[in-house]
Amino acid sequence: MLLSDIRTIAVGSTNPVKVAAARAVLEPLTAHAHVTSISVPSQVPDQPMGDEETIRGARNRADAALAATGADLAVGIEGGCVDSTSGMRYCPRSQIGRAHV
């Protein structure tokens, strides 16, 4: 699927910051696409810890948004924390899912 073929994009969150981030990145690339948001579970704790949990949450959001809407493309964004030798740091992660055509 080419970017020009994408007509619908679902963001797996109704958080306005996550939706705005997805729009800011994808709308310039997909001139005719309509971006919608849908509340879906991340299936990870409210505050994911570590990269694995954070990435899993983003993937779960993208997969659930795709399944719930049938969009051409879905975005999952999850923010988590990672404990490193220099202290705790915030690590946002995103995942893109696409319809199989």
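## Close-up views of the predicted model

**Figure 1. Charges and overall form of the protein.** The 9 positive and 10 negative charges of the protein have mean positions that lie 3 Å apart; Lys and Arg count as positive and Asp and Glu as negative, while His and the chain ends are not counted. Each charge is placed at NZ of Lys, CZ of Arg, CG of Asp or CD of Glu. This is a predicted model, in which local features need pLDDT of at least 70 and side-chain atom pairs count only at pLDDT 80 or more, whereas totals for chains, interfaces and linings use all residues. Residues are numbered from 1 along each chain as its sequence is written, and side-chain values use heavy atoms, with hydrogens and water left out. From the N terminus, the elements follow the order β-α-β-α-β-β, where helices (H or I, at least four residues) and strands (E, at least two) are DSSP runs numbered from the N terminus. The C-alpha trace spans about 45 × 25 × 25 Å along its principal axes.

**Figure 2. Helix 2 and its cover.** Helix 2 contains 20 residues and extends 29 Å from its first C-alpha to its last, close to the 28 Å expected at 1.5 Å a residue; the expected span is 1.5 Å times one less than the number of residues. Its buried residues (under 20% relative accessible area, with a 1.4 Å probe and protein chains only) are Glu-53, Thr-54, Gly-57, Ala-58, Asn-60, Arg-61, Ala-62, Ala-65 and Leu-66. An α-helix has 3.6 residues a turn, so residues three or four places apart point the same way. The cover over the buried residues of helix 2 includes strand 1 (8-11), helix 1 (16-26), strand 3 (73-84) and strand 4 (87-98). Gly-70, which follows helix 2, has a positive phi near 70°.

Figure 3. Asn-60 belongs to helix 2 (residues 50-69) and is buried, its relative accessible area being 17%. Residues up to four places away in sequence aside, Asn-60 is in contact (heavy atoms within 4.5 Å) with Pro-41, Ser-42 and Gln-43.

Figure 4. Val-40 lies in the loop between strand 2 (34-37) and helix 2. With a relative accessible area of 10%, Val-40 is buried. Gly-12, Arg-61, Ala-64 and Ala-65 touch Val-40, when residues up to four places away in sequence are not counted. Val-40 and Ala-62 are separated by 22 residues in sequence and by 8.8 Å in space, C-alpha to C-alpha.

Conventions:
Buried < 20%, exposed > 50% of the residue type's maximum accessible area, 1.4 Å probe, protein only.
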